[in-house]
Amino acid sequence: MATDTKVFGGRPHALTDAPFTYCPGCTHGISHRLIAEVLDELGVEGRAIAIAPVGCSVLAYEFFNCDGIQAAHGRAPAVACAVARTHPDAVVFTYQGDGDLASIGAAEMVHAATRGDNIVIIFINNAIYGMTGGQLAPTSLLGQVTQTSPYGREVARDGHPIRVVEMLSTLEGVALAQRVALDTPAHIREAKRAIKRAFENQIAGKGFSIVELLSTCPTNWGLSPADSFTWLQENLLPYYPLGVYKEIDK
Amino acid sequence: MTTNFQLAGFGGQGVLFAAKVLTYAGLLEGLEVSWMPSYGPEMRGGTANCSVVLSEAPVGSPIVTEPDVLLAMNQPSFDKFYHAVVPGGICIFDSTFVTDVAEHDGVAERAEVRLVPVPASTLALDNDLKGGANVIMTGVIVRQSGVVSLETAEKAIEKSMSARHLHLLDDNLKALRLGYDYE
Amino acid sequence: MAPKTTEKATEKVLMKGNEALAEAALRAGCEAYFGYPITPQNELAAYMSKRMPKEGGAYLQAESEVAAINMVYGAAASGVRTMTSTSSPGMSLKSEGISYLAGADLPAVIVNVQRGGPGLGGIQPSQSDYWQATRAAGHGDFHPIVLAPSTVQEMADTIHIAFDLADRYRTPVIVLVDGMLGQMMEPVALPEPGGATVVEKPWAANGHQDKRPHNTITSLFLVADDLEASNRARFARYEDIKRNEQRVEEYRTEDAEIVLVAFGASARTSRTAVDLAREAGIKAGLLRPITLVPFPVDAIEARIPQAKAFLSVEMNMGQMVEDVRLVVNGRTPVEFFGRVGGIIPAPTEILAAIERIAGDDACAKGGDA
């Protein structure tokens, strides 16, 4: 082993030793790490409860060192709502993909937001269903070819891709609605700041915070990891502009 | 010995409360009792009815289809339930609102059902007991059916009232006695 | 095992079944209730909405039945005594969450105040969710415990039992009643408050507080052997449940030749019918399952030698009768009488069914009876 390796940062305590099961180049690893770093920095791992979705990150509870609950597809906000209401001191977050949150779980998402449930939602938007093999997602772009839109997404048949944080930003119960991306170091640093703000909001009892992370899916996009970041920048960023769509006390 | 009661009227006439008083009186006298309202669209459509069973044996079905005692607070209730009253039964009705009796189909040939007309709503107004027709009729039921005593019914009224309505207790007791004594 | 009754010095009060159950649930230590409006169970949720905040618990009207049962899942996963209630169409929506509760071995109580179906059906009393409760409460290899009280008093008593069984066996428990029991008022002696059974839940996901390894609640087992092991462990518990928890009430069965089997509302009129049959010289009796799961197999088995026939009386097209037949296994006839659509079988029509069976039996023996 090389002895001249410089360690810039160890593994966050809030991450377990379990190796990630994600595909090479997938950004789930980055977002997991960001969350874990925030839990460490805020010192809340002991009272944190992670709600895992159905999707590629279904096993998220194996990677976080805090307590975890696996939820039915789309229902994580309802599960989180109940945990938060029965354990006011807990730090509760869901980790959900675009199919889980914006399609099958749209009702649970909207109502948790409008109730102002004191929870954090980390929303992974990569515009495709990953675990099931690359089907059309509610956030797939117009013209995007997927397993179930082989000729590209068509408005007449599939409707328009849904902009989640813009929509939720109209609701009174929302404390923070922000979109960030995981394509560049600068964006990743901004993503971590957003995640931290979301958790700080919850600890301060400010209500519902959602951080949307524009992410990649090299496997189902059929691109190399490097090309995936380019595709994200050229296609997702124009339709899903980054920014803070709502933040209370600002 | 089992006595089946059917109490019916418009929503707001207080038949559910009258039924509750009757049921509580049965409970206080040590009888097996049940109170079962109609529920659903009918309730929302304007008519309310409630079954009460007072019995020495455990109550099987709380839903009364052939009452020994019918209270009809309005014409539709009279029309709907009169024919279900068992032979030898009693049909008590508010003659303020139930006016179509003599001409009513089949009333003549059902002489075995005792008709007890009481102008309860008029009596309530005349005695400054607005909204008390249901309790007046409870007094009539107690007297006519003889299953529970007046004293028990008086206690049952207090039991049946929510705390925020207890200031109306004296009015209710007055109404009960008015009905009980009505000749 | 005999039903647990509450013979306290407490004064009997008149309460609707839905409200008595709600109050008894609070007294049994229910800390969180999640529901969605549907007739004929609305009084239960309304009662909870009024009382739960005063008890310091969580009450929430969810956006859907689906959300409500998943809130129950979340509360149960974090170690809280929790329940929901609904009526038949709502149970179909809750089936997803009930399956996850079972798969993650979580204790919770689900009350179904049944109405007629299928589809929107009606809102009158029914027992047509027997199959759903006992066989198809959700996808996958599981069944809940199912309790079926038949009076308002028993509704109040049962809820404590339901919570205790849920905690003891880490399983969802369904309390199966109907619109009649939910809506009617009967005298009830409420259980004493503060009688909640406190169970340690070291498995709960409620924050490890840096004092233990992290807990995870999941129904996911991607390795086939793991999933099989999980199912086998659960079914081993089901065997314990079958052995320990069969509950039944018997009425005049000692010498009964025609044994009625009925639960809930239809057991009430069946009991009256047994008395009528006895008056007519027919040796009838009633066996009333209080647990539908575990089905009171032992009690039925015990009556097979003396029974000339069993008669299952239900408010459906014939569901529990199949369980009776499974026990009897062809050794004696098992007949069925049912009414549907919200109609309670009348004692007189049940009597007619009893007389018909008694007559058939007499014919079979050459009419010497």
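**Entry 1: what I am looking at**

I noted before anything else that this is a predicted model. I kept that in mind for every entry after this.

**Entry 2: chain B as a whole**

I began with chain B and found seven helices and six strands. Reading from the N terminus, I wrote down the order as β-α-β-α-β-β-α-β-β-α-α-α-α. I then checked the radius of gyration of chain B, which is 15 Å; the globule rule gives 16 Å for 183 residues, so chain B is as compact as a globular protein of that length. Along the principal axes, its C-alpha atoms fill a box of roughly 45 × 40 × 35 Å. I also looked up burial, and 48% of the 183 residues of chain B count as buried. For contacts in chain B with a separation of 6 or more, I found that 65% are between residues 24 or more positions apart.

**Entry 3: chain A against chain C**

Next I asked how many residues each chain brings to the contact between chains A and C. Chain A gives 28 residues and chain C gives 35 residues. On the chain A side, β1 (48–52), β2 (67–70), α3 (76–86) and α5 (106–115) each supply at least two residues. The largest share of that side comes from α3(A), with eight residues. By class, I have the chain A side down as 16 nonpolar, seven polar and five charged residues.

I was pleased to find strand pairing across this contact: β2(A) is joined by two bridges to strand β9 (residues 216–217) of chain C, and the two run parallel.

**Entry 4: chain B against chain C**

Here 16 residues of chain B are in contact with 18 residues of chain C. On the chain C side, I listed α7 (179–183), β8 (185–188) and α9 (264–279) as the elements giving two or more residues. I sorted the chain C side by class and got 10 nonpolar, four polar and four charged residues.

**Entry 5: the two domains of chain C**

I then turned to chain C on its own, which is divided into domain 1 (13–244) and domain 2 (249–364). How far apart do the C-alpha centres of these domains lie? They are 29 Å apart. In the contact between them, domain 1 of chain C brings 25 residues and domain 2 of chain C brings 22. The elements of chain C that each supply at least two residues on the domain 1 side include α5 (130–134), β7 (172–178) and α8 (224–244). The largest share of that side, four residues, is from α5(C). The domain 1 side divides into 14 nonpolar, nine polar and two charged residues.

**Entry 6: covered elements in chain C**

I looked for buried elements and stopped at helix α1 (residues 17–27) of chain C, where 10 of the 11 residues are buried. Among them are Asn18(C), Glu19(C) and Glu23(C). Just after α1(C), I noted a positive phi of about 90° at Gly29(C).

Strand β15 (residues 334–338) of chain C has four of its five residues buried, so it is largely enclosed by the rest of the structure. I found β15(C) paired in the parallel sense with strand β14 (residues 309–314) of chain C over five bridges, and Glu314(C) has Gly338(C) as its bridge partner. Between β14(C) and β15(C) the chain passes through helix α11 (residues 320–328) of chain C, in a right-handed β-α-β crossover.

Most peptide bonds are trans, and most residues other than glycine have a negative phi.

- The bond from Thr39(C) to Pro40(C) is cis, with omega near 5°; Pro40(C) is in the loop between β2 (32–35) and α2 (42–55) of chain C.
- Gly117(C) and Pro118(C) are also joined by a cis bond, with omega about 5°; I placed Pro118(C) in the loop between β5 (108–114) and α5 of chain C.
- Gln209(C) has a positive phi, near 55°, and is in the loop between β8 and β9 of chain C.
- Asp210(C) has a positive phi of about 60° and is found in the loop between β8 and β9 of chain C.

Are Gln209(C) and Asp210(C) buried or exposed? Gln209(C) is exposed, with 11 other C-beta atoms within 10 Å. Asp210(C) is exposed as well, with 11 other C-beta atoms within 10 Å.

Definitions and conventions. Residues are numbered from 1 along each chain as its sequence is written. Chains are lettered from A and ligands numbered from 1 in the order in which they are written. This is a predicted model: local features need pLDDT of at least 70, side-chain atom pairs count only at pLDDT 80 or more; totals for chains, interfaces and linings use all residues. Two residues are in contact if their C-beta atoms, placed from the backbone, lie within 7 Å. Ala, Val, Leu, Ile, Met, Phe, Trp, Tyr, Cys and Pro count as nonpolar, Asp, Glu, Lys and Arg as charged, and the others, Gly among them, as polar. Two strands pair if DSSP finds at least two bridges between them. The radius of gyration is taken over C-alpha atoms; the globule rule is 2.2 Å times the number of residues to the power 0.38. A residue is buried if 20 or more other C-beta atoms lie within 10 Å of its own, exposed if 12 or fewer, and partly exposed in between; C-beta atoms are placed from the backbone. A crossover is right-handed if, with the strands pointing away from the viewer, the path from the first strand over the helix to the second runs clockwise. Domain bounds come from an automatic or database domain assignment.
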